[in-house]
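Subject: Structure for your study

Dear colleague,

Please find the structure below, handed over for your study.

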Amino acid sequence: MKHISIIGAGTMGNGIAHTFAQFDYKVSLIDVTKDNLDKGIATITRNLDRMVSKEKISEDDKKRTLANITTFTSIADGAKNADLVVEAATENEKIKLDIFRELDKVCPSEAILSSNTSSIPITKIAAVTNRPKQVIGMHFMNPVPIMKLVEIIRGYNTSDEVTKTVVDLSKNLGKVPTEVNDYPGFVANRILMPMINEAVETLYNNVAGVQEIDTVMKLGMAHPMGPLQLADFIGLDVCLSILEVMYDGFKNPKYAPCPLLVNMVRAGKLGVKSGEGFYDYSENKKAEKVSSQFAS
Ligand SMILES: NC(=O)c1ccc[n+]([C@@H]2O[C@H](COP(=O)([O-])OP(=O)(O)OC[C@H]3O[C@@H](n4cnc5c(N)ncnc54)[C@H](O)[C@@H]3O)[C@@H](O)[C@H]2O)c1
């Protein structure tokens with residue numbers, strides 16, 4: 001395992017690229033436009049600068065990490081030498097299935113194809129390839145360079161050997177891989193999303209305000225941040241789409257997204273990435289809130 005191709009240079013993709021590159025893997029970072037890639041590299045550079053200023057890494061480590069990353073706007077060019085692909089493109093089933101069809105054609109036959117999807121079944125993704133034994137979920141958490149968990153999702157056909165390789169690789173990144181089976185929401189989101197949805201429902205029912213709901217969960221349950229703020233960081237569109245996958249997958253009304261969440265996404269209030277969600281992240285407030293959350 002030396003060459004890692006990452007598809008998508010957004011929130012998760014740039015964090016995953018940063019992490020592999022910091023541990024000296026050769027990373028090919030792929031996105032649809034040069035502009036997205038430039039933004040991804042700018043974020044990685046900013047995050048490395050913060051680590052240097054906190055003396056967690058040296059200036060040389062930063063330079064070495066950046067030198068390990070090459071960018072591509074074509075999957076064929078960026079994935080042709082991959083030992084492992086980590087797909088972290090937009091959470092949309094059609095986009096992901098198209099990407100995996102292409103990866104199956106262009107990657108070496110022994111390459112492992114993984115997805116960072118929050119909710120799309122790994123077995124469904126694997127089924128569009130000719131190598132379902134080599135398709136697996138690697139669900140990293142945000143922010144990737146800091147968060148320890150990697151939820152490893154075994155599809156119906158994923159082999160023991162591939163699972164072991166991916167578990168060992170995750171340990172080499174200083175992460176704690178945790179194996180789960182392929183059912184809607186896996187484990188992390190199956191438990192987290194109903195909590196976030198219930199927090200939105202509590203707001204919708206006017207039981208309490210945003211600050212009050214988050215304060216109860218932070219101070220009462222020792223959560224590092226409240227569920228509404230966490231939803232803002234994840235992206236309200238991402239939360240909605242995960243709930244819809246679980247609602248559809250289990251055919252159980254307990255996963256039905258709260259109408260307020262649906263309305264906020266329709267109105268473009270997506271959380272941190274759009275500048276407003278349950279909280280206001282407009283320029284002057286954004287720096288203060290984001291840095292206080294990710295200070296560690
Ligand atoms: N945001 C989170 O907290 C979080 C946590 C865990 C997992 N995830 C999952 O990670 C994945 C990425 O989420 P994100 O929050 O980084 O999204 P994002 O919107 O920040 O980034 C997605 C990137 O994928 C790129 N992309 C779309 N189609 C592409 C294609 N065909 N080829 C190459 N690049 C393409 C987009 O241009 C964009 O830059 C999703 O599957 C999401 O469910 C997100």
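**What was found**

The chain exposes about 14200 Å², of which carbon and sulfur atoms supply 54%; accessible areas come from the Shrake-Rupley method with a 1.4 Å probe, and for residues only the protein chains shown count as cover.

Please note that this is a predicted model, in which local features need pLDDT of at least 70 and side-chain atom pairs count only at pLDDT 80 or more, while totals for chains, interfaces and linings use all residues. Residues are numbered from 1 along each chain as its sequence is written, and side-chain values use heavy atoms, with hydrogens and water left out.

**Overall form**

The chain has 13 helices and eight strands; these are DSSP runs numbered from the N terminus (helices: H or I, at least four residues; strands: E, at least two). Along its principal axes, the C-alpha trace spans about 55 × 50 × 30 Å. Of the 296 residues, 48% count as buried, where buried means under 20% relative accessible area, exposed means over 50%, and partly exposed lies in between (1.4 Å probe, protein chains only).

**Nonpolar cores**

In soluble globular proteins, nonpolar side chains tend to be buried together. A nonpolar core is a set of buried Ala, Val, Leu, Ile, Met, Phe, Trp, Tyr and Cys residues joined through side-chain atoms within 4.5 Å. The largest one here has 33 residues, and those with the most contacts inside it are Ile6, Ile16, Phe20, Val86 and Phe140. Among the elements that give two or more residues to this core are strand 1 (3-7), helix 1 (11-22) and strand 6 (135-140). Apart from this core lies another, of 29 residues, including Leu203, Ile213, Leu228 and Tyr281.

Contact means heavy atoms within 4.5 Å. Leaving aside its neighbours within four places in sequence, Ile16 is in contact with Ile6, Val86, Ala88, Asn116, Phe140 and Val144.

**Backbone features**

Most residues other than glycine have a negative phi, and most peptide bonds are trans. The peptide bond from Asn142 to Pro143 is cis, with omega near -5°, and Pro143 lies in the loop between strand 6 and strand 7.

Phe186, in the loop between strand 8 (176-181) and helix 8 (188-204), has a positive phi near 55°. Phe186 counts as buried because its relative accessible area is 3%. Lys251, in the loop between helix 11 (236-250) and helix 12 (259-266), also has a positive phi, near 50°. With 65% relative accessibility, Lys251 counts as exposed.

Yours sincerely
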